[in-house]
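Biologist: Hello! Could you walk me through this model, beginning with the ligand and its surroundings?

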Amino acid sequence: MKNHHIKKQSNVRVLILGGGTAGWMAAAALSAKLAGTGVSIRLVESAEIGTVGVGEATVPHIRHFNASLGFDEADFMSRTEATFKLGIEFRDWGRKGDAYIHPFAAFGREIGGVPFHHHWTRARRAGRVPADGLDAVSLPIQAARMGRFGHPSPDPSSFFSTFSYAYQFDAGLYAGYLRAYAEARGVVRTEGKVQDVSLRADGHVEAVTLESGERLVADLFVDCSGFRGLLIEGALKTGYEDWTRYLPCDRAVAVPCANDGPPAPYTRATARDAGWMWRIPLQHRAGNGHVYCSGFMDDDAAEQALLAQLDHPPQAAPRRLRFTTGKRRRQWVGNVVAIGLSAGFLEPLESTSIHLIQLGIGRLLDLFPTSADMDPLDAAEFNRLMDLEYERVRDFIILHYVATQRDDTPFWNHCRTMAIPDSLATKMELFKQRGIVTLYRDGMFLEPSWIAVYLGQNILPTHVDPRAALVSDAEIDRLIAMEAEHCRRAASSMPAHGEILSRYKVQV
Ligand code: FAD
């Protein structure tokens with residue numbers, strides 16, 4: 001997130017409804033970035049309602065969010081029981097028995113001005129590299145497989161500068177961490193349940209009334225009330241774009257257990273009969289969950305399947321959740337901006353939700369009203385930008401399902417053959433025909449991420465850049481072997497992830 005400057009002195013009163021990850025991220029960022037502008041911020045949350053209680057895996061952008069608030073990494077990690085995350089391992093997605101890691105890094109380097117994956121595809125087609133051979137040419141994948149972690153180098157000429165990383169953290173502790181930060185910057189927290197919402201004559205929200213009878217008036221309302229969408233939907237009836245036809249999973253069950261040995265520096269997503277299971281290793285425990293489609297599996301069976309594969313007893317009762325994949329038709333309406341689950345949810349497969357919160361907050365700051373009167377242009381631009389990103393992320397997540405070769409259950413048969421958005425169909429066709437990924441230069445998931453999933457799930461382009469043939473097979477083999485050796489050596493030189501984490505133990 002950039003440093004945002006509000007041009008005019010503004011006395012806008014902001015009310016954030018909800019104290020989950022979205023509410024407290026918004027409160028922390030707004031209080032820091034709008035300091036000195038005259039903006040006042042209040043956050044209302046209800047302990048009785050609680051938060052969704054999941055959402056522990058992130059993507060590298062979160063580091064920019066934390067850094068922009070001035071968080072010290074060691075302090076943040078110890079207070080949130082965080083671990084480092086080099087990528088996501090996908091097991092059994094392409095075919096049963098397959099495993100690949102989507103790292104936060106590109107594979108290999110250009111050879112003769114041609115992207116590495118074109119050369120790799122030629123070698124793969126000729127049988128000179130194995131299907132999982134891509135792992136060897138990725139430093140973070142090698143490190144992840146060895147259970148090692150090291151910070152990337154800030155020196156762009158260093159081989160260690162070629163990857164990024166994210167965190168896995170305890171969502172409740174992170175919200176608490178943000179809360180302390182926001183309250184220290186003047187955010188006023190009110191405990192209470194919103195019972196009523198009153199609208200002005202122009203349809204904007206005027207105030208919310210708590211169960212206690214307290215009435216809270218504001219100029220701008222940030223709806224972080226979770227799946228309920230209390231303001232954006234409950235009061236304003238904005239409507240929801242349902243994407244279940246593309247992303248059919250609609251339920252989840254989550255349960256924590258002890259870690260099995262030192263926490264791995266990556267998240268795992270294992271495809272199952274009617275969905276997939278996650279494993280997110282934190283310092284003090286592992287988060288486990290089963291995301292599934294209720295049309296293909298019932299809740300009891302899903303819970304039993306999750307419990308059956310835990311290697312330690314559950315540390316809490318399993319928590320069941322329901323959701324509808326999709327997004328609010330508009331995320332900023334009148335004087336209400338929805339951020340977090342109230343704005344939409346694409347299912348947790350690539351850990352995108354917290355990033356979309358971060359993006360929403362960044363856009364809100366970019367377009368922050370300079371007075372209590374809202375400019376519809378700001379809302380229109382916010383909605384355009386958020387729609388674009390939701391659709392890009394949606395396509396990337398659908399890819400994991402549609403690019404399966406599995407035909408062993410009705411769920412996978414459905415996913416493999418379902419209709420997909422034209423935007424994704426075009427991208428997939430370009431890759432299948434010629435290995436083209438240059439369409440993905442903007443947004444959350446860039447070219448390397450798409451390549452990781454395509455090749456990881458055995459989608460090999462039929463033709464590649466003809467210039468790749470100008471380099472001899474022997475030279476390509478030599479360069480691939482050299483790259484693999486570099487990666488192996490560099491990964492081996494990194495400390496064990498567990499050893500690094502021991503430096504970030506919670507200070508009491
Ligand atoms: P919530 O956590 O539900 O918070 C809502 C807040 O609103 C609460 O404080 C509640 O008390 C308050 N509230 C609601 N109604 C009222 C009322 N009437 N009065 C007062 N207060 C009220 N995201 C990731 O990035 N990575 C992941 O790995 C990931 N995994 C997920 C797994 C699952 C199964 C699910 C469902 C989601 C996952 N997410 C993940 C998404 C992530 O959990 C959310 O983006 C994140 O927790 C933000 O939630 P929220 O703050 O919008 O909502």
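Biologist: Which elements each supply at least two residues of the shell around the ligand?

Modeller: A word on the model first: it is predicted, with local features needing pLDDT of at least 70, side-chain atom pairs counting only at pLDDT 80 or more, and totals for chains, interfaces and linings using all residues. Residues are numbered from 1 along each chain as its sequence is written, and side-chain values use heavy atoms, leaving out hydrogens and water. Helices (DSSP runs of H or I, at least four residues) and strands (runs of E, at least two) are numbered from the N terminus. The elements you want are α1 (21–33), β15 (275–281) and α9.

Biologist: Thanks! Which element gives the largest share of that shell?

Modeller: The shell holds 37 residues, and G19, A57, V194, S353 and I354 are the closest; a residue belongs if one of its heavy atoms lies within 4 Å of the ligand. The largest share is three residues, and these come from α9.

Biologist: How much of the ligand's accessible area does the protein cover?

Modeller: Let's begin with polar contacts (pairs of N or O atoms within 3.5 Å). Ligand oxygen atoms lie 3.0 Å from a polar backbone atom of A22, 3.1 Å from a backbone N or O atom of G50 and 2.9 Å from one of L341. Of the 1,000 Å² of accessible area that the ligand has on its own (Shrake-Rupley method, 1.4 Å probe), the protein covers 98%.

Biologist: And which element gives the largest share of the lining of the largest cavity?

Modeller: On a 1 Å grid over the protein atoms alone, a cavity is a set of points where a 1.4 Å probe fits but cannot get out, and lining residues have an atom within 4 Å of a point. The search finds one cavity of 30 Å³ or more, with a volume (the space filled by probe spheres set on the points) of about 50 Å³. Two or more lining residues come from each of β21 (344–345) and α9 (353–366). The largest share, three residues, belongs to α9.

Biologist: One last thing: how many residues apart in sequence are the parts tied together by the pair of F84 and Y165?

Modeller: Aromatic pairs are rings of Phe, Tyr and Trp (its six-membered ring) with centres within 6.5 Å; planes under 30 degrees apart are stacked, over 60 edge-to-face and the rest tilted. F84 and Y165 are edge-to-face, 5.4 Å centre to centre with 75° between the planes. F84 sits in strand β3 (residues 83–85) and Y165 in the loop between α5 (139–146) and β6 (166–168), so the parts tied together are 81 residues apart.

Technical notes. On a 1 Å grid over the protein atoms alone, a cavity is a set of points where a 1.4 Å probe fits but cannot get out, and a pocket is an open set with protein on both sides within 12 Å along at least five of seven lines; lining residues have an atom within 4 Å of a point. A polar contact is a pair of N or O atoms within 3.5 Å; within protein, one must be able to donate a hydrogen and the other to accept it, and residues adjacent in sequence count only if both atoms are side-chain atoms.
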